[in-house]
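The tour below goes from one selection to the next.

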Amino acid sequence: MEKKRRLPPPQKPKESAIFRPFRALGSVSNETPLAIGTLGTSFYIVTSVGRSFQIYDAATLHLLFVSLTQTSARITALAAHFHYVYVGYANKIGIFKRGRLEKEVEVTISPGAVISHLLVFGDYLVAASSDGDVNVFKKPSGGVIASEHYTTLRSINPQFDGHIVGMVHPPTYLNKIVVATSSRLYIFNIRTAKTVFKTADDTFGENLSSIETAPALDIVAVGSTTGSVFLYNLRSGKLLGDKIVASPADVAAKVVSISFRTDGSHHLVAGLNSGDLFFYDLSRKARVHVSRECHAQSTGGVANAKFLNGQPIVVTNGGDNQLKELVFDPPLSTSNTTVVTPPRHLRSRGGHSAPPVAIVFPNEDKSHFVYSASKDQSLWCFSLRKDAQAQEVSQRPPKSNSKDRQAGIVALMRERVAEITSLSMSVAREGEWENMLTTHKGEKFARTWDSKNKRLGRHQLHTVDGGIAKTSCVSHCGNFGLVGSSEGGIAVYNLQSGLLRRKYMLHKKTVTGVAIDGMNRKMVSCGLDGIVGFYNFHDLKYLGKLQLEAPITSMIYHRGSDLVACSLDDLSIVVIDVVTQQVVRILYGHTNRITGMDFSPDGRWVVSTALDSTLRTWDLPTGGCIDGIRLPNVATNVKFTPLGEFLATTHVSGNGISLWTNRAQFHPVSTRHVEESEFCNTLLPNVSGEGGASIIDGALDKPEQVQLEADQVYKSVDQISKDLLTLNVGPRSRYQSILHVDIIKQRNKPKEAPKKPEQAPFFLSLAGEVVGDRAVVAENGLVENRANGNGDNEDSKLLKLKGDGSQHNFESDFTRLLREGNTSHDYSGFLSYLLTASPATIDLEIRSLNSFPPLSEMTSFVEAMTRGLESNTNYDIYQAIFGLFLKQHGDVVYAHPNETELVDALDKWGQVNEKQGQKLDELVKYCSGVATFLSTV
């Protein structure tokens with residue numbers, strides 16, 4: 001038998017060192033029909049957002065719970081029953097309570113089929129799949145969740161009977177369900193797994209699309225794909241009355257949902273895939289009202305429409321990311337109830353129905369808000385703190401005076417503005433006049449917006465050359481708005497009056513970027529002609545231009561450091577200093593067109609995204625990529641929050657804004673450059689926040705072992721390159737002490753000899769066991785008797801050195817290392833000793849050099865100094881030591897010219913010293929010139 005082996009623990013997937021997914025913003029609902037649950041007298045609404053679901057309070061539409069974990073596949077069906085939410089996805093059913101998964105049930109269905117409908121009543125859970133099977137689950141004995149498989153009904157063949165379009169459980173029909181297919185109705189007894197009844201093929205004459213039970217017994221309402229609603233009596237098996245036409249024949253919209261009003265009025269609502277809501281009065285057999293375009297037809301129209309039980313409120317959702325509540329007001333007259341007021345909008349939650357194309361954050365005072373423009377021609381304001389604060393910016397034009405009225409389409413019937421292509425704002429003048437500026441697809445003017453009142457502004461700022469408006473910018477003071485044209489012109493408008501103040505005509509092609517610094521002094525523009533223009537905005541002066549090698553597609557400006565980053569068509573990012581008008585960094589790495597970039601709040605990083613599905617972080621001081629993420633979805637925009645705690649991205653698919661936690665707020669980040677092979681694969685942030693990290697998690701999260709190198713102390717090398725002339729890395733005082741050691745000794749020389757105190761305490765003359773110090777006795781032996789007072793003790797230290805001399809050596813380390821270096825021609829040990837010795841020791845040893853012929857010791861010392869000078873290290877220390885040598889023994893050297901070895905050693909020292917001096921002079925002058933240039937520009 002093979003021995004059991006301990007398997008290695010699974011490796012944790014590599015994560016980004018800087019950014020981690022946090023959550024998705026702006027997602028409310030999709031095309032999956034909503035579910036309504038009841039808890040006492042309160043209602044809650046469940047909506048699906050991809051692989052997560054959200055629970056809202058029906059009374060306020062405030063978000064109550066979000067699923068804590070994502071499902072393994074996209075959610076296709078929802079059902080709610082008291083405290084539990086039943087979620088169908090792929091071939092599984094997840095049972096959640098308060099957003100937490102309690103049980104997961106696997107359904108046996110055909111490969112490729114998915115759960116399409118869920119029905120919960122009593123002890124049963126019924127799941128219908130797209131392959132025609134109906135699976136029944138029952139509560140086990142003692143259990144509270146229907147998770148035990150009971151039976152499977154396979155009486156429906158999708159090829160002949162059509163797909164299942166709905167399931168209901170009629171009241172008083174014990175253990176029976178009604179299943180509607182596209183051709184007929186089935187009544188099943190789920191307890192006996194038998195078909196009780198099915199309608200004939202020609203009963204309705206139209207393909208069915210939905211089913212709902214009526215408040216009256218035995219009655220169900222069935223919707224068709226051509227816009228008709230039928231009332232059918234299950235007991236008699238007959239249609240009741242004529243069909244209700246919810247959609248005219250020329251439109252023939254499909255009825256996707258039906259609901260009955262149960263607060264006393266006999267009304268029926270039919271949701272159509274055209275986005276309309278059809279209200280019908282059953283008692284008068286007349287149409288009440290049609291709510292046009294309640295949901296967008298392009299996204300599938302209405303997904304579900306349900307009346308709240310006992311209330312005149314209808315709840316709808318659709319694939320346009322909208323959740324709405326409409327309410328019927330009480331009749332104005334108590335005697336005449338035939339007049340019914342149309343339902344009015346009560347409350348709603350929503351977001352973009354198409355991917356966002358531009359986002360912008362206001363200043364730090366409102367850092368928890370973000371403005372987003374989308375391809376659905378809408379402009380939204382989202383809150384990072386509370387989803388209920390999300391609000392769509394109104395596109396209704398402001399009221400005008402009677403003199404300014406013009407003929408044309410009524411404001412309420414006007415279409416939305418064209419798709420927004422660029423967005424900029426400033427909150428300095430918020431509330432005083434319009435402070436937001438947008439350009440639109442195919443339009444020759446920019447529009448102003450009021451962020452205080454969340455509505456469209458008064459002015460339309462036209463381009464100066466008749467071209468299409470491509471880019472916009474609002475000055476930091478909020479007084480000026482700039483509009484860049486496709487023909488190369490730049491117009492400057494006063495936002496308060498909407499009047500043109502100045503224009504610039506530098507570019508010959510489309511202007512792709514324009515920006516102003518925080519003081520309204522420097523202005524920068526760029527275009528597809530590859531030109532970066534610099535202007536003095538205050539004095540109306542043209543300062544110059546910089547021609548780059550490729551067309552510029554976008555530009556960002558960091559006001560704190562006066563840096564501009566431009567993305568080029570050659571897939572590079574060029575960072576330019578606005579003051580010097582010079583390129584300071586060129587960043588290469590992306591392999592496809594760059595779609596977005598932004599500076600970090602401190603100006604140290606540039607974060608960029610591209611069509612190569614990567615998110616890269618560039619460190620400007622080192623000029624390299626320090627972090628990279630491979631995204632499953634191409635990002636189109638990237639923005640830092642004003643405080644830098646979050647990074648927001650938008651993507652080509654998905655209607656929300658993805659938020660990433662910036663871990664650099666709490667942990668140091670290594671500036672080591674990473675290769676593309678080291679990039680990590682990360683999923684996008686989701687609504688549930690599963691797999692993400694919040695601000696608190698980012699603060700408490702410990703960095704990985706790879707990231708610990710940022711915490712390590714960097715030890716500087718003594719010499720970067722052997723070709724460079726390096727000074728001593730120690731304290732500067734050491735060089736000064738060696739150079740002026742004689743002055744220091746003269747200053748510290750005592751003025752008079754020390755004197756013995758006349759009246760010293762008696763115990764100062766005692767030592768050893770007399771005062772109880774046994775340690776001294778144990779270490780040094782017995783103390784000699786000093787009480788006799790004779791003079792022998794004065795010479796006791798010298799007398800101890802008498803003998804054969806085998807235990808004592810008078811050769812110092814200085815002399816020994818110098819002698820050994822002369823023998824081996826390697827003075828590295830001697831030079832190392834000099835660098836660590838104290839200035840007083842060096843002075844004493846140099847004074848102790850043999851000054852009598854032959855002067856071999858001095859010759860060795862000069863050779864050692866020459867070797868040290870040739871090493872290009874510790875230049876100042878060697879100069880100071882050699883100066884000290886000449887100061888002490890210069891007369892001896894001069895008095896012995898016949899010492900040829902010493903003279904040759906001195907000549908070699910002179911040659912090396914002259915060469916090193918010239919090299920040092922060149923380096924000092926070069927560095928001085930560079931420093932002078934940088935300090936004057």
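This is a predicted model: local features need pLDDT of at least 70, side-chain atom pairs count only at pLDDT 80 or more; totals for chains, interfaces and linings use all residues.

**Stop 1: F204 and Y232**

The whole structure holds 21 aromatic pairs. Select F204 and Y232 to see one of them: the ring centres are 5.6 Å apart and the planes stand at 55°, so this pair is tilted. F204 belongs to the loop between β17 (194-198) and β18 (208-213), while Y232 is in strand β20 (residues 228-233), so the contact ties together parts 28 residues apart in sequence. F204 has 7% relative accessibility and counts as buried. Y232 is buried as well, with a relative accessible area of 1%.

**Stop 2: Y504 and Y535**

Next, select Y504 and Y535. Their ring centres lie 4.8 Å apart with the planes at 50°, so this pair is tilted. Y504 sits in strand β42 (residues 500-504) and Y535 in strand β45 (residues 531-536), so the pair joins parts that are 31 residues apart in sequence. Are these two residues buried or exposed? Both Y504 and Y535 are buried.

**Stop 3: R502 and two rings**

Now select R502 together with F480 and F537. Over which face does R502 lie at 5.8 Å from the ring centre? That face belongs to F480. The charged end of R502 also sits over the ring of F537, 4.4 Å from the centre of that ring.

**Stop 4: a cluster of rings**

Select F814, F830, F861, F882, F885 and W909 and show their side chains. Ring pairs link these residues into a cluster.

**Stop 5: helices α9 and α11**

Switch to a cartoon view and colour helix α9 (residues 839-847) and helix α11 (residues 875-895). Their axes come within 10 Å and cross at roughly 40°. With angles of 65 to 115 degrees counting as roughly perpendicular and those under 35 as roughly parallel, α9 and α11 are therefore oblique to each other. The handedness of the α9 and α11 crossing is right-handed.

**Stop 6: cysteines**

How many disulfides does a search of the whole structure find? The search finds 0. A disulfide is a covalent bond between the sulfur atoms of two cysteines. C294 is buried, at a relative accessible area of 6%, whereas C477 is partly exposed, at 24%.

Conventions: Residues are numbered from 1 along each chain as its sequence is written. Side-chain values use heavy atoms; hydrogens and water are left out. Rings of Phe, Tyr and Trp (its six-membered ring) pair if their centres lie within 6.5 Å; planes under 30 degrees apart count as stacked, over 60 as edge-to-face and the rest as tilted. Helices (H or I, at least four residues) and strands (E, at least two) are DSSP runs, numbered from the N terminus. Buried means under 20% relative accessible area, exposed over 50%, partly exposed in between (1.4 Å probe, protein chains only). A charge sits over a ring if NZ of Lys or CZ of Arg is within 6 Å of the ring centre and within 35 degrees of the ring normal. A disulfide is a pair of cysteine sulfur atoms within 2.5 Å. Axes are lines fitted to C-alpha atoms, for helices over the stretch in contact, and angles run from 0 to 180 degrees between N-to-C directions. Angles under 35 degrees count as roughly parallel, over 145 as roughly antiparallel, 65 to 115 as roughly perpendicular and the rest as oblique. A crossing is left-handed if the near helix is turned anticlockwise from the far one by less than a right angle, and right-handed if clockwise.
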